[in-house]
Every structure is written in structure tokens, then in C-alpha cells.
Amino acid sequence: ASAQDATVDDDEIIVTATHRAQSIQDVPFSVNAQTEEAIQRSGATNLEDLSRNVAGLSVQNLGPGQSQVSLRGVSAGQIVRDQPGVKEQVGVYLDDSVVSLSLFTPDLDLYDLNRVETLRGPQGTLFGSGNVGGTIRYITNQPELDIFEGSIEGQINMIEDGGEGGHLRGMINVPLVPGVLSMRAVGYHTEYGGFIDALREGGGVTEDVNDGERSGVRLAFGIQPTPNLSITPRFLYQH
């Protein structure tokens, strides 16, 4: 019998759920990884949209930046925001930085993300307290040291008997010192069209009270002084 040639799967997904790069098939616990292409195909713009495609993940929308995330039914429960002594049960990370607090889960824009990893089940060994139900990680595209590239995306939408909305997003990657220093900048602005009318005393009506907007910028620098050392400072602002 002759041995068959080994084949390489071009669609292999590499994750860093255990703080090292490895195939998602080799991770010893349940991980869901939605790649940038999958996010674009689904039209997802925030974590609530992503949760529809992840088994065991649900998001209760309590308003912008205040969503309650649960994994496999585990969450902090319905509590008063910033209640002392209450710890979040699902950790949310931007790369390796925690961005979640009790009842405060930033609805980060998903533009120019490499993938979103959902680690189901307790992750206290790798990520510490606040990860009893699991961990969600936004993994951004890293600055490229030798490539100049950019992208832009726009959309306009209209709601019947409601308002107008849309978004404009852009990314640029600039090598400042080729092979040593680069910058990657992402900016976005989204307008949400409202569709709910509020009835006021005296018979008045305020139209489209649930409209809103989201703006933000993400800036990262790639610094590689030696082949064995890389430093990536990152700045994120979102309103």
C-alpha cells in the first residue's frame, strides 16, 4: 500500500485562543471564529448581529454600549449598571486588552477585523476572573511593515415610515520606516435611522426617537526593532 500525499486546506483558520497561533481544529475547547470574509457576507455590524451565527451566544440589547452578553446561558444577570461588587461573566477583549465591565460591553465596529473569536465555557485559566461563561475576542488586522494599502466602504439606507441611515468606513496602512515602523488607521461613522414614534401628552408625536449615530477611530503602530521583537501600541476611541 502506498501512503497518500498530505493535503493542505487553504481554508484553515488560525486562532490565538490559547495565546499561541494554532489551527482551530487543534484547540482543546469549543471555539467559534468568524473571519473577516464571513462577517462581510453576513452583513454584521456589531456583536449583536454576530451572535445570531454563534451557538450559545446571546446579547440582550439594553442600549448602545450597555448590552448584556451571555454564553451558554451564563451572564451577570439583570442588574443596575455599575452596581458595586458585581463582576462581568463574559469577558470581551480587543486583541489582548479587556474592554468589558459589568453591564458595559462596547458595541465596537467590526470594520477591518481579522476575525472574532468566541470561546465557550470557563476561561479563567487563560484570561482570569470575569470569564466564567466564556470569552469574546475582537482580533484586528495588524499593521503591515512593508505594504501600503487602503480600503473604503459606504452605504445608504432608508426605512419605510422611518428615517435615513448609512455608514462610511475607511482604512489605510502606511509603512513609515519600511521593515521597522508602520501605521494602520481605521475610521468610521454610522447613522442609524429611527422608526419608533413616541406619543406625548396632549396628543403630540415625536418621530423616530430611536435614531442615533456611532463614530470612532482605531490607530495602531507596528514596531519591529529586531526580527525577534515586535511592539504594537494601539489607540481606540468610539462615541
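Analyst: Happy to! Let's start at Leu176, which belongs to strand E11, a strand covering residues 164-177. Keep in mind that we are looking at a predicted model.

Is Leu176 buried, exposed or partly exposed? Its relative accessibility is 43%, so Leu176 counts as partly exposed; that class lies between the buried limit of under 20% and the exposed limit of over 50%.

Now move on to Val177, which also lies in strand E11. With a relative accessibility of 39%, Val177 is likewise classed as partly exposed. Val177 also lets us compare sequence with space: Leu145 is 32 residues away from Val177 along the chain, yet their C-alpha atoms are 7.8 Å apart.

Finally, let's step back to the whole protein. Its accessible surface is about 13,700 Å², and carbon and sulfur atoms account for 52% of that. The protein has 239 residues, 39% of them buried, and its secondary structure includes three helices and 17 strands. Among contacts with a separation of 6 or more, 53% are between residues 24 or more positions apart.

Terms used. Residues are numbered from 1 along each chain as its sequence is written. This is a predicted model: local features need pLDDT of at least 70, side-chain atom pairs count only at pLDDT 80 or more; totals for chains, interfaces and linings use all residues. Side-chain values use heavy atoms; hydrogens and water are left out. Helices (H or I, at least four residues) and strands (E, at least two) are DSSP runs, numbered from the N terminus. Buried means under 20% relative accessible area, exposed over 50%, partly exposed in between (1.4 Å probe, protein chains only). Contact means heavy atoms within 4.5 Å. Accessible areas come from the Shrake-Rupley method with a 1.4 Å probe; for residues, only the protein chains shown count as cover.
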